[in-house]
Amino acid sequence: MAGIGFSSALSSTRSFRTSCLVSETHIGRTMPGKLLHRKNLNIKAEVSYVNAEEAKKLISVEEYTILDVRDKSQYDRAHIKSCYHVPLFIENQDNDFGTILKRTVHNNFSGLFFGLPFTKLNPDFVQSVKSQFSPGSKLLLVCQEGLRSAVAAKELEQAGFQNIACITSGLQAVKPGTFDSVGTTELQDAGKGGLITVQGKISAVLGTVLVCAYLFITFFPEQAEKLFQIAPVS
């Protein structure tokens, strides 16, 4: 009985080794009744950061599509012709007490002086892009300063997009005439709004007046002196 037990054990061991050997020789092929687990290798593409001239080559040579991720106000002021627009941030119109307080403070400072809207992260950004482009699409992301496009690129990269590029420093660094644009101002000035734009015009007018007055006094001192004498003294 002991011999039979030993023989059975030996036979089982040999069968086990034979099974292992057969299994090893069948790696990579489907085996009946067995499920082979394979590791999926995810190749992660890096986002490309380019300057304006390199961006033009991506568009003309490699057929990249321009995706503007700025808010609507900046997009309306100026945008690259034939680009797509999916804002990374949208206007925050929530009416809870905290949001109302923050919006009021914002509108009386940043909104008033710089024309910046009170915004929040667009929860449908990635889904909106997916509805218009496939993960294999070549996309050139643009914003005003280069920050939002970098954030948007990260979001899309995590969503499976593999051909993403961004313009370093954004449209504010683009020289006039580099791209065909649509809007009421130049691309590099699309981020300017509010009182700062009016202040700039007032400063330019006052500066011109002061320069003219200085030149008049310098080259026509006698006439200038007569004008000062005519002016009423309070």
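**Helices and strands**

Me: Is the crossing where H6 passes H7 left-handed or right-handed?
Reply: H6 passes H7 in a right-handed crossing (the near helix is turned clockwise from the far one by less than a right angle). Helices (H or I, at least four residues) and strands (E, at least two) are DSSP runs, numbered from the N terminus. This is a predicted model, where local features need pLDDT of at least 70, side-chain atom pairs count only at pLDDT 80 or more, and totals for chains, interfaces and linings use all residues. Residues are numbered from 1 along each chain as its sequence is written, and side-chain values use heavy atoms, leaving out hydrogens and water.

Me: What angle do H6 and H7 pack at?
Reply: About 65 degrees, with the axes of H6 (residues 125-132) and H7 10 Å apart (axes are lines fitted to C-alpha atoms over the stretch in contact, and angles run from 0 to 180 degrees between N-to-C directions). The two helices are therefore roughly perpendicular (65 to 115 degrees).

Me: Which residues meet there?
Reply: Phe-125, Val-126 and Val-129 in H6 meet Ala-152, Glu-155 and Leu-156 in H7 (heavy atoms within 4.5 Å).

Me: New topic: how many residues of E7 are buried?
Reply: In E7 (residues 138-142), 4 of 5 are buried (under 20% relative accessible area, 1.4 Å probe, protein chains only).

Me: Which strands pair with E7?
Reply: E2 (residues 65-68) pairs with E7 in the parallel sense over 4 bridges (pairing takes at least two DSSP bridges). E8 (residues 163-167) is also parallel to E7, over 4 bridges. Leu-139 of E7 stands opposite Thr-65, and its bridge partner in E8 is Ile-164.

Me: Where does the chain go between E7 and E8?
Reply: Through H7 (residues 147-158), in a right-handed β-α-β crossover (clockwise from first strand over helix to second, with the strands pointing away from the viewer).

How values were computed:
Buried < 20%, exposed > 50% of the residue type's maximum accessible area, 1.4 Å probe, protein only. Parallel < 35°, antiparallel > 145°, perpendicular 65-115°, else oblique.
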